[in-house]
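The sequence and the structure are shown first.

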Amino acid sequence: MKQMLTAAALIALAAPAFAGDAENGEKEFKKCKACHMIVADDGTEIYKGGKTGPNLYGVIGRVAGSADGFKYGDGLSEANAAGFVWTAEAVAGFMTDPKSWLKEQGYSDKSKMSFKLRKGAEDVAAYLASVGPAAQ
C-alpha cells in the first residue's frame, strides 16, 4: 500500500503544472493579433491577425522557428537547430519576456518579438493549445 501511494505521489509530481484558461486566452490574444494570426492548415481562419509574426496555428508541439515563410531572429533559429519543441509552458514563458526566456534556455537573446505579455501569457498559451491540430 505504501508503495502504491509513493508511486501515485511521484506521478502527480511528474504531471505538468500548467493551468492556463483557454477562454481568457482567446480574449487576451487580441494583444497578439497585430502581428500574428491563427489559420488552420486547410486555410480556415481561426483568428484574423497580422502577418509580421508567424502563424500560431499548431505552435504547441511544433519545433521552434519552423513556420514556413518567416525569417526568425537568432535565438529562435538556434532553438530550431537544437530541435526545441514548443510546449504551452515554454510559449507562456517566451511571451512574458522573449529575450530573457531565450537567454535562460541557452540561446541568443536576439528576437524579433519585442512585445512582452506581462499578464495572461499562460491563458494565451492554453488558447493556442486549444485551437491547434491536436485539439481538433
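**Basis of the description**

The model is predicted, so local features are given only at pLDDT of at least 70 and side-chain atom pairs only at pLDDT 80 or more, while totals for chains, interfaces and linings use all residues. Residues are numbered from 1 along each chain as its sequence is written, and side-chain values use heavy atoms, with hydrogens and water left out.

**Overall fold**

The chain contains six helices and two strands, where helices (H or I, at least four residues) and strands (E, at least two) are DSSP runs numbered from the N terminus. Along the sequence, these elements follow the pattern α-α-β-β-α-α-α-α. Of the 136 residues in the chain, 37% are buried; buried means under 20% relative accessible area, exposed over 50%, and partly exposed in between (1.4 Å probe, protein chains only). Among contacts with a separation of 6 or more, 45% join residues 24 or more positions apart, a contact being heavy atoms within 4.5 Å.

Helix H3 spans residues 74-81, and its residues Gly75, Leu76 and Ala79 are buried. These buried residues fall within an arc of 90° when seen down the axis of H3, so they line one face of the helix; the arc is that of the directions from the helix axis to the C-beta atoms. They pack against helix H4 (88-96) and helix H5 (98-104). Glycine 83, which follows H3, has a positive phi, near 80°.

The largest nonpolar core has 31 residues, and those with the most contacts inside it are Phe29, Ile38, Phe84, Trp86 and Leu128. Such a core is a set of buried Ala, Val, Leu, Ile, Met, Phe, Trp, Tyr and Cys residues joined through side-chain atoms within 4.5 Å. H3, H4, H5 and helix H6 (121-130) each supply at least two residues of this core, and H4 gives the most, with six residues. Leaving out residues up to four places away in sequence, phenylalanine 84 touches Arg62, Val63, Ala64, Ala79, Ala90, Trp101 and Tyr107.

**Cysteines**

How many disulfides are there? The count is zero, a disulfide being a pair of cysteine sulfur atoms within 2.5 Å.

**The largest pocket**

The largest pocket has a volume of about 540 Å³. A pocket here is an open set of points on a 1 Å grid over the protein atoms alone, with protein on both sides within 12 Å along at least five of seven lines, and lining residues have an atom within 4 Å of a point. Grid points are joined across faces, edges and corners, and the volume is the space filled by probe spheres set on the points. The lining comprises 29 residues, of which His36, Gly53, Pro54, Phe94 and Met113 lie nearest the centre. H4 and H6 are the elements that give two or more residues to this lining, and H4 gives the most, with three residues.

**Lysine 112**

Lysine 112 lies in the loop between H5 and H6 and counts as exposed, at 51% relative accessibility. Beyond its neighbours within four places in sequence, lysine 112 is in contact with Phe70, Lys71, Tyr72 and Gly73. Lysine 99 is 13 residues from lysine 112 in sequence and 9.2 Å from it in space, C-alpha to C-alpha.

Definitions and conventions:
1 Å grid on protein atoms, 1.4 Å probe; cavity = no way out; pocket = protein on both sides within 12 Å on 5 of 7 lines; lining within 4 Å.
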